[in-house]
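Hi,

Here is the structure I promised to pass on. Have a look at it first, and then read my notes below.

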Amino acid sequence: MQINQIDIRRANKTDCECIFNLRNNEDTKSTSLDGSYMSYEDHIKWFSGAILNPNIMLFIGQINSKKMGVCRFDLDVKISKAKLSINI
């Protein structure tokens, strides 16, 4: 594949299904702290809150306009730290 363009952008409501599929991927679950399956209904609730939460930053990586992965920062402003999750 020839890479013509790489983009990183904030996630939005149109990314819900993509992030759900990445989250429930077998490789993801095998390396995750929480390897359980998440139902789509529960994911929608989590995602709807996450994109509005100022302490959670979700980014989508794209190559040639195709979604390739997600990066999430869970910010803890009280102690000036963040948890980072990357799923490609």
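A quick word on terms before the details: I call a residue buried when its relative accessible area is under 20%, exposed when it is over 50%, and partly exposed in between (1.4 Å probe, protein chains only). Helices (H or I, at least four residues) and strands (E, at least two) are DSSP runs, numbered from the N terminus.

This is a predicted model, so to speak for its limits: local features need pLDDT of at least 70, side-chain atom pairs count only at pLDDT 80 or more, and totals for chains, interfaces and linings use all residues. Residues are numbered from 1 along each chain as its sequence is written, and side-chain values use heavy atoms, with hydrogens and water left out.

Let me start with helix α3, residues 40-50, where H43, F47 and A50 are buried. Seen down the axis of α3, the buried residues fall within an arc of 60° (taken from the directions from the helix axis to the C-beta atoms), so they line one face of the helix. On the face of α3 turned away from the buried side sit the exposed residues E41 and K45.

What do the buried residues of α3 pack against? They pack against α1 (16-23) and β2, with contact meaning heavy atoms within 4.5 Å.

In α1 itself, C16, I19, F20, L22 and R23 are buried. These cover an arc of only 165° around the axis, which puts them on the same side of α1.

Now for β2 (residues 56-63), which is mostly covered, with 6 of its 8 residues buried. Strands count as paired if DSSP finds at least two bridges between them. β2 pairs with β1 (residues 6-10) in the antiparallel sense over 5 bridges, and I6 has I63 in β2 as its bridge partner. β2 also runs antiparallel to β3 (residues 66-76), joined by 8 bridges; one of the pairs is G61 with G69 in β3. The two form a hairpin with 2 residues between them, and N64 in the turn has a positive phi of about 50°.

Last, the cysteines. Searching the whole structure for disulfides (pairs of cysteine sulfur atoms within 2.5 Å) gives 0. For C18, the nearest cysteine sulfur is that of C16, 9.9 Å away. For C71, the nearest is that of C18, at 14 Å. C71 counts as buried because its relative accessibility is 18%.

Cheers
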